[in-house]
Amino acid sequence: MTSLTASALIVPKHGDSSVLRVEEREVPDPGPGQARVRVAASGANFIDTYQRGGVYPVETPFVLGMEGAGTVESVGEGVTEVAAGDRVAWAMQLGSATTVATLPAASLVPVPDDVDLDVAAAAMLQAMTAHFLVNDTYPCTAETIALVHAAAGGVGQLLVQLLKAKGATVVATAGSADKLAVARERGADHVINYREHDTGDSLAHAVTEAAGRGVDVAYDGVGQATFDASLASLRPRGLLVLFGAASGPVPPVDPQRLNQGGSLYLTRPSLGHYIAGREELLARAGEVLGLIADGSLEIAIDSRHPLADARAAYDALEGRGTSGKVLLIP
Ligand code: NDP
């Protein structure tokens with residue numbers, strides 16, 4: 001095997017989207033346990049913005065991007081998980097926004113023939129997240145009433161679909177009339193424009209009024225702007241699932257607030273901990289890709305951007321201008 005060069009989206013120093021650059025980089029031959037993948041598409045995610053800005057510690061310079069899909073070109077010594085020619089996808093692997101990626105073979109999952117590679121790339125991070133949130137972080141059933149913030153977003157649309165497939169009742173929030181319509185199309189039972197509520201109490205009041213009672217579980221990937229409302233929307237012993245911070249990080253919380261709300265629970269989960277071993281990764285990815293293949297889970301692709309246009313892609317994502325997955329096409 002010979003080395004080759006790849007175009008990669010680089011963060012040369014921490015900062016806003018203006019720091020992003022596309023550079024040619026040498027790709028070494030895959031080492032033991034690694035596979036070299038020709039990338040068909042990679043996804044832009046909020047975690048990229050936390051890493052780019054230095055909120056999550058990643059030493060610069062680094063290649064951005066935590067998920068993708070493509071075709072295996074070659075494998076290193078001892079690789080049994082995949083072979084050249086396989087269509088594969090992955091999540092939580094830094095360095096995905098590139099034409100050619102060298103990845104741990106054990107991080108790659110097979111993509112069914114009837115799922116396009118760009119759809120698989122779009123599903124890996126957001127759909128596996130929605131999947132663990134409704135199945136494992138809180139086991140939702142037909143009796144569950146769930147609050148989903150930013151319900152027209154990437155994870156949000158998937159959460160609504162998976163919750164409705166279980167027969168749960170969904171109270172959805174979003175920031176515009178168009179986005180509320182998207183949440184409704186996905187099956188949300190009640191929709192609320194949270195921009196019309198100045199305080200957490202006002203939003204929580206709207207949520208509990210729509211739900212008829214406190215919700216069992218609040219899925220909150222918005223963070224700072226919605227945290228108070230999420231907590232105040234719960235029934236006694238309800239669960240607040242804080243899974244992101246699209247509006248900014250939540251300030252430190254006094255645990256006494258959980259007591260005052262009625263012995264509430266709070267968790268801050270990450271996908272990485274729910275695909276911790278190869279067996280769990282294969283099972284979760286297999287289930288998600290299977291739901292996509294049989295048409296029961298729809299992946300909304302908001303937009304596709306060449307790597308050179310990554311700045312616009314991230315500006316749209318961070319600026320509340322998207323509704324679904326933002327893809328980077330190398
Ligand atoms: P989205 O497509 O949901 O985009 C974020 C949305 O949040 C916006 O479109 C916007 O919707 C809403 N929002 C509200 N306030 C703000 C604000 N001040 N700035 C920006 N957005 C705001 O993104 P994703 O689906 O990719 O991710 C959603 C959340 O899930 C993120 O916090 C992300 O970090 C998290 N996440 C967590 C994972 C985990 O393992 N814990 C894995 C994957 C994602 P509107 O206009 O309707 O208000």
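**Reading the model**

Tutor: Let us start with a pair of strands: β10 (residues 169-174) and β11 pair in the parallel sense over 4 bridges. Helices (H or I, at least four residues) and strands (E, at least two) are DSSP runs numbered from the N terminus, and two strands pair if DSSP finds at least two bridges between them. The model is predicted, so local features need pLDDT of at least 70 and side-chain atom pairs count only at pLDDT 80 or more, whereas totals for chains, interfaces and linings use all residues. Residues are numbered from 1 along each chain as its sequence is written, and side-chain values use heavy atoms, with hydrogens and water left out.

Student: Which residue stands opposite His-190 in β11?

Tutor: That residue is Val-171. In general, strands of a sheet pair through backbone hydrogen bonds, either parallel or antiparallel.

Student: What is the strand order of the open sheet of 6 strands?

Tutor: The order is β11-β10-β9-β12-β13-β14, and the pairing is parallel. The edge strands, β11 (190-193) and β14 (265-267), each pair on one side only. From one strand to the next, the twist averages 15°. Axes here are lines fitted to C-alpha atoms, for helices over the stretch in contact, and angles run from 0 to 180 degrees between N-to-C directions.

Student: Which strands does helix α2 lie across?

Tutor: Helix α2 (residues 117-137) lies across β12 (215-220), β13 (234-242) and β14, and runs at about 150° to β13. Contact means heavy atoms within 4.5 Å. Helix α3 (residues 154-165) lies across β9 (145-148), β10 and β12, at about 170° to β9.

Student: How many bridges join strand β3 to strand β5?

Tutor: There are 7 bridges between β3 (residues 34-44) and β5 (residues 67-75), which run antiparallel; Ala-35 stands opposite Val-75 in β5. Strand β5 is also joined to β6 (residues 87-91) by 5 bridges, again antiparallel, with Gly-70 opposite Val-88 in β6.

Student: Which residues come nearest to the ligand?

Tutor: A residue is near a molecule if one of its heavy atoms lies within 4 Å of it. Of the 27 residues around the ligand, Lys-179, Tyr-194, Gly-221, Leu-271 and Arg-320 come nearest. The shell divides into 13 nonpolar, 10 polar and 4 charged residues; Ala, Val, Leu, Ile, Met, Phe, Trp, Tyr, Cys and Pro count as nonpolar, Asp, Glu, Lys and Arg as charged, and the others, Gly among them, as polar. Helices α1 (46-53), α2 and α3 each supply at least two residues of the shell, and α2 gives the largest share, 3 residues.

Student: What should be noted about backbone angles?

Tutor: Most residues other than glycine have a negative phi, and most peptide bonds are trans. Here the peptide bond from Thr-60 to Pro-61 is cis, with omega near -5°, and Pro-61 is placed in the loop between α1 and β4. Arg-237, in strand β13, has a positive phi, near 70°.
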